[in-house]
Amino acid sequence: MSEFLPDWESLRRHRIPDWFGAAKFGIWSHWGPQSVASSGDWYARHLYGMQPCSEPWERRRADRQHAHHREHFGPGEGAKDLFRRWHAERFDPEELIDLYVSSGARYFVALATHCDNFDLWDSKQHAWNATRVGPRRDIVGAWERAARAAGLPFGLSFHHNWTWRWLDVAHGTDPATGEPHDGALSKRDGQGTWWEGMDPAELYPARHAPGAKPPPPVADRFYARVREALDRYRPDLVYLDDGRLPFDAGSVVESEPVSTRGLELLAHYYSTCPTGGLVTVKDVPDADRTAVVLDCERRQLDDAQPHPWQFDTSDGEWFDCSDDDPMFHPRKTAQQVLHTLIDVVSKNGCLLLNVPQRADGTVDARARALLGEVGDWLRVCGEGVYGTTPWLRPAEGVTGMGETRGYEGYNEADRAYRPGDIRFTRRGDTVYATLLAWPESRTAAITSLGTGEGLLKGRPATVELLGHGPLTWRLAEEALYADLPPEPPTKAAYMIKIT
């Protein structure tokens, strides 16, 4: 393994491991104590009630989740009290990993610490962790063993850089009673309680003015905990939830002065990871695309990228949420997942799909059915997905192109694709053209493969529809035309192989 220095010039020598560019599809367990409420994401922040909210969507979420918390748990409980309510009593990582492998996933990522600042692993630096509270089990260690046994590359995601801006509300007062929230508690207050011996000051950020930058020790503590987890579990992938390296210039929450801990972590990780490692962040200049990997949260790109990247999304909310109350992100269909996968892969990306788990550790029948359909499709068409590279042109058609929606540029949607919407991949001299809608005329017209475009290097030897077999076809200046069977052989998307 190469030795890297903690500066961008050295880190740009890092190369993205081959396994990532070939994997294309991964499953994420974005799961932890906030699933206890079955009320979606941001719950640990919004359970406290009214606080400064810059966006209308956050005010609506805060009002709803605060009302839910008062109804189900009472006003005296804070974020820390979710931890003891989370038991994960039916968590079976081996069974779930088997399910994810059968769905076609080629890598797996586990949440290590969310914005609620609770470590899901046997942390020696942070008492608020899953081996001491709640499950009393090393959740990350259990995931790591199951994933490795199944041959999957293993990743960890870290989000507690947000705690500074996320759990500052614990220092407020209850809007109904005026009583102080649990951010005001000290270690001494825990005597005789379930959390005796633990200090809320280590869980909640220090009281500070809104918008204040965290002092350097906050960044130091963040990176010390991340490094301990990386050294213990040796993940192949690390997901950091920030624009740039947390607490660095361009990050969501900068320290003062700007911390160098992020560069030091990258240098240490890349110098010691047996498989080379990769780290994803949300905002990556072109020059740094091998030092760190671009991650796009719920944001599809229009063009193929020169280096592998990752699109991450969830089957619904990031944490388990009642299907009767989907908040902002409804559950997905298998067709939507497959359309997203095909679009992302055509542009040199990998899809990381979160499958929300109930508090007890199980996934519901709807998620199992979705994963079953995705796996069925990939067993037929996976050769045009795994290990492929972008073709000379990633796409035909305009549906969904150039769309920017709402929060942080989210633009994913269950789009009504038309027969002219096609995505391309390649493997050697073989081109795969995937139709995102079935033509009623039963004739596929692929304009990018017409002789007038000049993209094909020679006349095709064979044209076949995966799951069906060879097709009759004709090559014209304006398009390659292929005659399709009366019924599609697969659901959701239809892959034509041109050799």
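Here is our talk about a cavity, a helix and the cores.

Modeller: This is a predicted model, where local features need pLDDT of at least 70, side-chain atom pairs count only at pLDDT 80 or more, and totals for chains, interfaces and linings use all residues. Residues are numbered from 1 along each chain as its sequence is written, and side-chain values use heavy atoms, with hydrogens and water left out.

Biologist: What makes Arg415 a lining residue of the second largest cavity?

Modeller: A cavity is a set of points, on a 1 Å grid over the protein atoms alone, where a 1.4 Å probe fits but cannot get out, and lining residues have an atom within 4 Å of a point. Arg415 is listed in that lining, as are Asp302, Lys347 and Tyr417. About 60 Å³ of space lies in this second largest cavity.

Biologist: Which residues of H10 are buried?

Modeller: Among them are Phe222, Arg225 and Tyr233, buried meaning under 20% relative accessible area (1.4 Å probe, protein chains only).

Biologist: Which residues touch the most other members of the largest nonpolar core?

Modeller: Tyr100, Phe108 and Trp143, in a core of 115 residues. Tyr100 touches residues including Ile27, Val355 and Leu371, contact being heavy atoms within 4.5 Å. A second, separate core has 20 residues, including Phe424 and Trp438.

Notes
On a 1 Å grid over the protein atoms alone, a cavity is a set of points where a 1.4 Å probe fits but cannot get out, and a pocket is an open set with protein on both sides within 12 Å along at least five of seven lines; lining residues have an atom within 4 Å of a point. Grid points are joined across faces, edges and corners, and a volume is the space filled by probe spheres set on the points. Buried means under 20% relative accessible area, exposed over 50%, partly exposed in between (1.4 Å probe, protein chains only). Helices (H or I, at least four residues) and strands (E, at least two) are DSSP runs, numbered from the N terminus. A nonpolar core is a set of buried Ala, Val, Leu, Ile, Met, Phe, Trp, Tyr and Cys residues joined through side-chain atoms within 4.5 Å. Lists of a residue's contacts leave out its neighbours within four places in sequence.
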